[in-house]
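Subject: Structure handover

Hello,

Here is the structure for your files. My notes on what was found in it follow below.

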Amino acid sequence: MTTANPGTVLITGPTGGLGRAATLAMAARPAPERPDLLLVGRAGETLTEVADDARAAGATVHAIGCDLARLADLRATAERAKKLLVDGALGPLRGLVANAGVMAKDTRTASADGYELTFAVNYLAHAQLIADLLGSFATPARIVLLGSNTYHANLGRKMIGVQPARWRDPIELAQPAPADTGPSFKAMGVAYANSKLGILYYAHELQRRAPAGISVAVFEPGFMPGTGLARQAGPAAERIGRGIQRLPGIASPDKSGPELASVVLDHRWAHLRDGAFVVRDKKRDVKPIAHDPERERRLWDATTELLQKVKQADRTES
């Protein structure tokens, strides 16, 4: 992709925090560099507001209400997106930003399809959406997934008790915790880190399987205490986060949002592929644990199984 022909960028989770900042940064670009925007998020006032704000900045915008905890919604969203593209309501699809994410307070919580909520929204929802849209991209195109150094809990995160990933077979990761286990900050953190390690594995395998001309990268926005995800940890963690936010060098949506927009749009990032890991505005190497072809193939196969299981169940019910 070059900024001379930005086409359309689809972004999930555009209503707050990083997603909103990235959306408005793309909308505020000069006309030759400004993409059309397809906003995918929970239907409601906040989705309408960010769409209106992006239009006011000059962008062509379509918004699709979607519950990312329900795979049928993702399939329907992909169909609506393809219709908008075919009808010419939007420019060619050249970018997809898988930004939406949650950190469920209780790992016993299930999505509408019965999968552990953090894994379902952060990973499975985007795998479904990308699978359904992979044949609709105009090349060159970029897919940017949202990663996090929580997969190995770097030094800053370890200092505040952030848990690293504890990888298991993806079919197991997709299952909610047993009813007789209680909620815990540790379990919540591990589930989130597992979802982010899974995103790295998926990015590497997706690049192997994607059509020529589609590049895959993973963006880490930096440590952003005080955001919606941090608030899931409870009032004490939220207060700590607000304090840390004031320290120099700490990331924020206002800083990282434009950086995310740059990764999906700007020529300086055209070389990224193979799940390259970008921390704000610098490409970084990932830890050895994040490169594992066997785990990556297994995740791909298990993901297909998990998505197909829900699709078949939905067909039976209908």
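The buried residues of helix α10 pack against β1 (8-12), α1 (17-27), β4 (93-98), β5 (137-146), β6 (214-220) and β7 (276-279). Buried means under 20% relative accessible area, exposed over 50%, and partly exposed in between, with a 1.4 Å probe and protein chains only. Packing here is contact, meaning heavy atoms within 4.5 Å. Helices (H or I, at least four residues) and strands (E, at least two) are DSSP runs, numbered from the N terminus.

This is a predicted model, in which local features need pLDDT of at least 70, side-chain atom pairs count only at pLDDT 80 or more, and totals for chains, interfaces and linings use all residues. Residues are numbered from 1 along each chain as its sequence is written, and side-chain values use heavy atoms, with hydrogens and water left out.

Helix α10 covers residues 253-265. Of its 13 residues, 10 are buried, among them Pro253, Glu259 and Leu265. From first C-alpha to last, α10 reaches 18 Å, close to the 18 Å expected at 1.5 Å a residue; the expected span is 1.5 Å times one less than the number of residues.

Next, a helix pair. The axes of α4 (residues 117-133) and α11 (residues 293-317) come within 11 Å and cross at roughly 90 degrees. Axes are lines fitted to C-alpha atoms, for helices over the stretch in contact, and angles run from 0 to 180 degrees between N-to-C directions.

On the α4 side, Phe119, Tyr123, Leu124, Ala127 and Gln128 meet Leu299, Thr303, Leu306 and Leu307 of α11. The residues of this contact divide into 7 nonpolar, 2 polar and no charged. Nonpolar covers Ala, Val, Leu, Ile, Met, Phe, Trp, Tyr, Cys and Pro; charged covers Asp, Glu, Lys and Arg; the others, Gly among them, are polar.

Some backbone points to check:

- Thr139 and Pro140 are joined by a cis peptide bond, with omega about 0 degrees; Pro140 lies in strand β5.
- Asp274, in the loop between α10 and β7, has a positive phi near 60 degrees although not a glycine. Asp274 is partly exposed, at 43% relative accessibility.
- Arg280, in the loop between β7 and β8 (282-284), also has phi near 60 degrees.

Finally, Thr77 sits in helix α3 (residues 71-86) and counts as buried at 2% relative accessibility. Leaving aside neighbours within four places in sequence, Thr77 is in contact with Val40, Ile64, Gly65, Cys66 and Leu129.

Regards
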